[in-house]
Amino acid sequence: MKIKCPRCKKSADLSPDFSLVSCAECDLEMSYGEYVKYVAHNDVTYSDILGDYAGSAATQAGSTLDEWD
Ligand SMILES: [Zn+2]
């Protein structure tokens, strides 16, 4: 099924058994558990990006990734 990629905000694929999230746009690949934690961790920023996607979303996503560890 299609889900929103947490990295590039485009369309990512969730495998039918919910085991793997993969995105062809940015080569993201992580387990669904990691995906959930990733989205939860970035929830505030994620919402901000969605609410102001026309802005500097790419720059914000980049800095978010740098801070995520
Ligand atoms: Zn992506």
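# Close-up views of a predicted chain

**View 1. Asp17 lies in the loop between S2 and S3.** The model shown here, as in every view, is predicted. Asp17 has 7 C-beta neighbours inside 10 Å, so this residue counts as exposed. Tyr32 is 15 residues away from Asp17 along the chain, and the C-alpha atoms of the two are separated by 9.7 Å. Phe18 is found in the loop between S2 and S3 as well. Because Phe18 has 12 C-beta neighbours inside 10 Å, Phe18 counts as exposed.

**View 2. The chain contains three helices and four strands.** Along the sequence the elements follow the pattern β-β-β-β-α-α-α. The chain has 69 residues, and 12% of them are buried. Among contacts with a separation of 6 or more, 20% are between residues 24 or more positions apart.

**View 3. The four strands form an open, antiparallel sheet.** Their order in the sheet is S1-S2-S3-S4. Strand S1 (2–4) and strand S4 (28–31) stand at the edges with a single partner strand each, so one side of each has no neighbour in the sheet. On average, neighbouring strands are turned by 30° against each other, direction ignored. Helix H1, residues 32–41, packs on this sheet and touches S2, S3 and S4. The direction of H1 makes about 105° with that of S4.

**View 4. S2 and S3 form a hairpin with five residues between the strands.** Strand S2 covers residues 11–14 and strand S3 residues 20–23; the two run antiparallel and are joined by two bridges. Leu14 has Val21 in S3 as its bridge partner. In the turn, Phe18 has a positive phi of about 60°, although Phe18 is not a glycine. Most residues other than glycine have a negative phi.

**View 5. S3 and S4 form a hairpin with four residues between the strands.** Four bridges pair S3 with S4 in the antiparallel sense. The bridge partner of Ser22 in S4 is Glu29. Asp27, in this hairpin, takes a positive phi near 65°.

**View 6. Side chains alternate along S3.** Val21 and Cys23 point to one face and are buried.

**View 7. The largest nonpolar core consists of five residues.** Its members are Cys5, Ala12, Val21, Cys23 and Tyr35. Cys5 is in contact with Lys10, Ser11, Ala12, Cys23, Glu25, Cys26 and Leu28, leaving aside its neighbours within four places in sequence.

**View 8. Lys9 sits in the loop between S1 and S2.** Lys9 is a residue other than glycine with a positive phi, near 70°. Lys9 counts as partly exposed because it has 18 C-beta neighbours inside 10 Å, whereas a buried residue has 20 or more.

Terms used. Residues numbered from 1 in each chain as written. Predicted model: local features only at pLDDT ≥ 70, side-chain atom pairs only at ≥ 80, totals over all residues. Pairing = 2+ DSSP bridges. Axes fitted to C-alpha atoms, helices over the stretch in contact; angles between N-to-C directions. Contact = placed C-beta atoms within 7 Å. Core = buried A, V, L, I, M, F, W, Y, C linked by C-beta atoms within 7 Å.
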